[in-house]
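Dear colleague,

I am passing on the structure we spoke about, and my notes follow it. Please read them with the structure open beside you.

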Amino acid sequence: MILDDNRYVALARLVRRYGRSDLLSGAQLDEFDIDDETPLGDAERAEAFADDLERMGPTFIKLGQLLSTRFDLLPASYTTALERLQDEVDPIDFDTVREVVETELGATLKERFRDFDPKPLAAASLGQVHRASLRNGREVVVKVQRPHVRDTVREDMKVLGRLARLADKRTTAGRSFGFGRLLDQFRRSLAGELDYRREARNLDTFRELTAPYDLLVVPRPVHEYTTSKVLTMDFIDGRKVTDIGQLGLVDLDARPIVEQLFSAYLHMILDAGVLHADPHPGNLLLTEDGRLALLDLGMTASVPPRVQQDIIKLLLAISDGDGEETASILASMGHPTDVFDAGAFRDDVTHLVSEAIASGADVAVGAVMVDLSRLSGAHGLRPPAEMSMVGKALLNLDRTTSHLDPGFSPTEAIRENASDISAAGLKMSPGGIVAAAIESKTLVEQFPKRANRIMDSLADGEFRLKVDAIDEQRLHTVIQRVANRLTLGIIIAATILGAALMMRIPSTWTVLGYPGLAMVFFLFAVCAGIAMAVWVVMTDRKVARTEHSAGATRGV
């Protein structure tokens, strides 16, 4: 309970400090502010917001990292500030590490490992990594989860859940953005990252997906030494891509590496439907033998087939410079709100794509998708969350490829792989083919019978066509509400008129010098009028909240 109270106090301070800023104002694109890379929002305020999240612990650091992908919700200054969030903390002592590992693996360190370095290679808020070697000499790294971190996350999620429900119910921003749904997405992502067995399966999946590419490598997990709190995988020696300067790239033939990396990511996202949710360039290592290693695959997301096909069409439309087609695809993918203007949105998207293509062949597709996400949010169109994550992945991919090979053109690569990308959109799984065949069989079997029924109904004059043009139930409710209010208003008006007429009739019973019965009727009319006014206001507010909540649910 004390922990909950402390979290509520910290979140109350956060809301008070940033709740009325431009945090949820949506992103705009200011074409006149050319020199500033993040023209919107207060950059210092955004940095302070990121710092506050960092101080609040692992749950809020991960929340900030997820929000950094929601370009349709946050201004550019905030997404930029949240990108650099790091969860580096002081390492836990080795005795605690030893206890966790031995408890999870059911044996002592000496029984499981030949060597185990007490000094961690890296320490984060959820866990830390140690280098070790198995009894057979295999070099590995061991990722150990911090004790009690799950309890901390669980309590934080309870607090966030209560606040999200409160915001969705009582605030305009909550009804518009649907904080509850955003939190559900975050909860699933964080729960997966806390289960190291899932990360081991992710390693297997990515190893399988990168198998056709000889210049890409993914660590192989050791399942016998992996539990929900301990992950053991191959040790890969190399340098981070971000740490390699231009001089270090002189002797490196980077073009084949970049081409394979870009092709692999396209096939992962658009063919396999698997997305690395934290594709930071710092998670890529260049090995001594000239290969590129993909690390830190704890946070992944799935891209549904429908979204895959839409993104394929979107990428092809962007690479072809077709702004109107791009706007049409985005509109079909997203959920429009009440303020969405299709014409203005189409004009702005066309201008954005035209400007991007006119800048040259080296246009960054990821940056264009990020700008499209921001533009969608500014116009009241809520794209699917997967689109923002794909945009973030391609943006980081652009940064990596431009660092390794500045002459690489993502749009040219998309055009070269257009046939493969299109084939990925047209493919059907064996189960899908069987289901389609069954549907076709049913259609062929039942078509003659249904056609005969229609023809018989036409011949007998019994054919009827039912069209739901309006919501009859809602119309009936509205008419009934208007009739009730009109009837009550007439009754109250008649009572006031009768009381006024009775004021002229002499009476032995008086109130304040006026006939008592007339005063009683007049007082009744006044109270009834006040009660009716309060009832009308409360009913209209309740209906407005219900309709707004329904619209927000459809728009998120």
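In helix 11 (residues 254–272), Leu266, Ile269, Leu270, Asp271 and Ala272 meet Gln308, Ile311, Ile312 and Leu315 of helix 12, where contact means heavy atoms within 4.5 Å and helices are DSSP runs (H or I, at least four residues), numbered from the N terminus. The residues of this contact divide into seven nonpolar, one polar and one charged, with Ala, Val, Leu, Ile, Met, Phe, Trp, Tyr, Cys and Pro counted as nonpolar, Asp, Glu, Lys and Arg as charged, and the others, Gly among them, as polar.

Please bear in mind that this is a predicted model, in which local features need pLDDT of at least 70 and side-chain atom pairs count only at pLDDT 80 or more, while totals for chains, interfaces and linings use all residues. Residues are numbered from 1 along each chain as its sequence is written, and side-chain values use heavy atoms, leaving out hydrogens and water.

In helix 13 (residues 323–333), Gly323, Thr326, Ala327, Ile329, Leu330 and Met333 are buried (under 20% relative accessible area, with exposed meaning over 50% and partly exposed in between, for a 1.4 Å probe and protein chains only). These buried residues fall within an arc of 165° seen down the axis of helix 13, so they line one face of the helix, the arc being that of the directions from the helix axis to the C-beta atoms. The face turned away from the buried side carries the exposed residues Glu324 and Ser332.

Lastly, His148 is not a glycine, yet has a positive phi of about 65°, and His148 is exposed, with a relative accessible area of 61%.

Note on methods: Helix = DSSP H or I, 4+ residues; strand = E, 2+ residues; numbered from the N terminus. Axes fitted to C-alpha atoms, helices over the stretch in contact; angles between N-to-C directions.
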